[in-house]
Number of protein chains: 2
Amino acid sequence: MNRPENYNTKQRKAIMNYVAALNGEHITAGQIMKHFDEKNFLIGLSTIYRHLDRLVESGKMRKYTLDGVSGACYQYIIDEDIREYFHLKCEECGALLHLKCSMLDEIQQHVYEEHTFHINAMKTVFYGKCAECFNGD
Amino acid sequence: MNRPENYNTKQRKAIMNYVAALNGEHITAGQIMKHFDEKNFLIGLSTIYRHLDRLVESGKMRKYTLDGVSGACYQYIIDEDIREYFHLKCEECGALLHLKCSMLDEIQQHVYEEHTFHINAMKTVFYGKCAECFNGD
DNA sequence: CTAGTTGCAAAGAGTTTGCATGGCG
DNA sequence: CGCCATGCAAACTCTTTGCAACTAG
């Protein structure tokens with residue numbers, strides 16, 4: 001095992017608790033920084049970025065860019081079971097839905113056969129509009 | 001009318017011709033800059049941004065951000081029947097490939113029918129590994 | 001001529017990196 | 001005590017803005 005040990009520092013605990021408590025709402029690094037600033041909890045911006053990156057890499061969070069939002073958005077994945085599925089992100093209301101259906105295997109298969117590309121479902125996000133936002137236009 | 005006159009400068013013509021000739025593929029401001037640099041055509045980055053902004057405002061181009069692509073992407077709208085592509089982004093080498101195939105309509109159709117979600121193909125990026133990087137592992 | 005346009009430099013916003021110090025285990 | 005993590009500052013990337021010089025019409 002060359003997996004590095006995870007040190008359970010104050011900062012790490014604080015960030016983990018905070019993002020897990022967001023109930024799936026997305027957040028930016030700057031917003032997290034601001035939150036801790038206001039509580040007079042000392043933490044460096046780079047520490048926040050470092051933890052967010054780790055969480056994304058381990059599949060516990062997703063990272064997005066949303067048009068009209070400055071900076072990357074991060075979102076904690078509450079249900080561990082849905083990590084391996086594709087996700088649908090509503091560009092309008094920000095809802096994150098997971099997509100689990102028979103066609104996904106087909107898509108992966110197809111893209112592999114026709115384009116020799118191996119899709120990583122965990123990282124892939126479909127953008128678009130959910131039913132409510134689409135009708136509301 | 002308070003619409004200002006459009007001066008037909010060298011730079012403006014060069015940019016217009018270039019983006020119109022891209023056949024609907026997206027491009028970043030930096031790529032445009034690089035293109036003209038290589039042709040030893042003097043043009044300022046800010047000039048490029050200014051023209052792109054105008055084109056977006058007048059509805060001739062679309063601006064969006066793609067996960068995994070640094071900087072904003074611009075796409076010239078050829079006609080009302082805009083070409084849409086999905087993108088494949090290699091997590092390893094960073095290559096960005098365009099994906100255009102028969103299955104895309106099916107995917108969109110399926111996701112709409114089964115999940116009432118309207119996919120925005122242009123913005124969606126599949127992550128994974130391209131053939132070279134997959135084999136090289 | 002003269003008002004819009006240009007290139008440059010500087011300023012901003014978001015993110016990453018190098019490094020000495022600090023603290024978990 | 002050994003390492004990883006941390007905060008800070010600096011570096012970097014992308015984009016915007018101010019400005020004096022320039023140029024199309």
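**Close-up 1. Salt bridge between Lys123(B) and Asp67(A).** Lys123(B) and Asp67(A) form a salt bridge, with their closest N and O atoms 3.5 Å apart (a salt bridge being a side-chain nitrogen of Lys or Arg within 4 Å of a carboxyl oxygen of Asp or Glu). The rule finds 1 salt bridge across the interface of chain B and chain A. The model is predicted: local features need pLDDT of at least 70 and side-chain atom pairs count only at pLDDT 80 or more, whereas totals for chains, interfaces and linings use all residues. Residues are numbered from 1 along each chain as its sequence is written, chains are lettered from A and ligands numbered from 1 in the order in which they are written, and side-chain values use heavy atoms, with hydrogens and water left out.

**Close-up 2. Interface of chain B and chain A.** Chain B and chain A each bring 36 residues to the contact (heavy atoms within 4.5 Å). About 3000 Å² is buried between the two chains, 66% of it from carbon and sulfur atoms (buried area is the accessible area, with a 1.4 Å probe, that two parts lose on being put together, summed over both).

**Close-up 3. DNA strand C and its protein surroundings.** DNA strand C is surrounded by 24 residues, the closest being Tyr49(A), Ala72(A), Thr9(B), Thr47(B) and Arg54(B) (near: a heavy atom within 4 Å).
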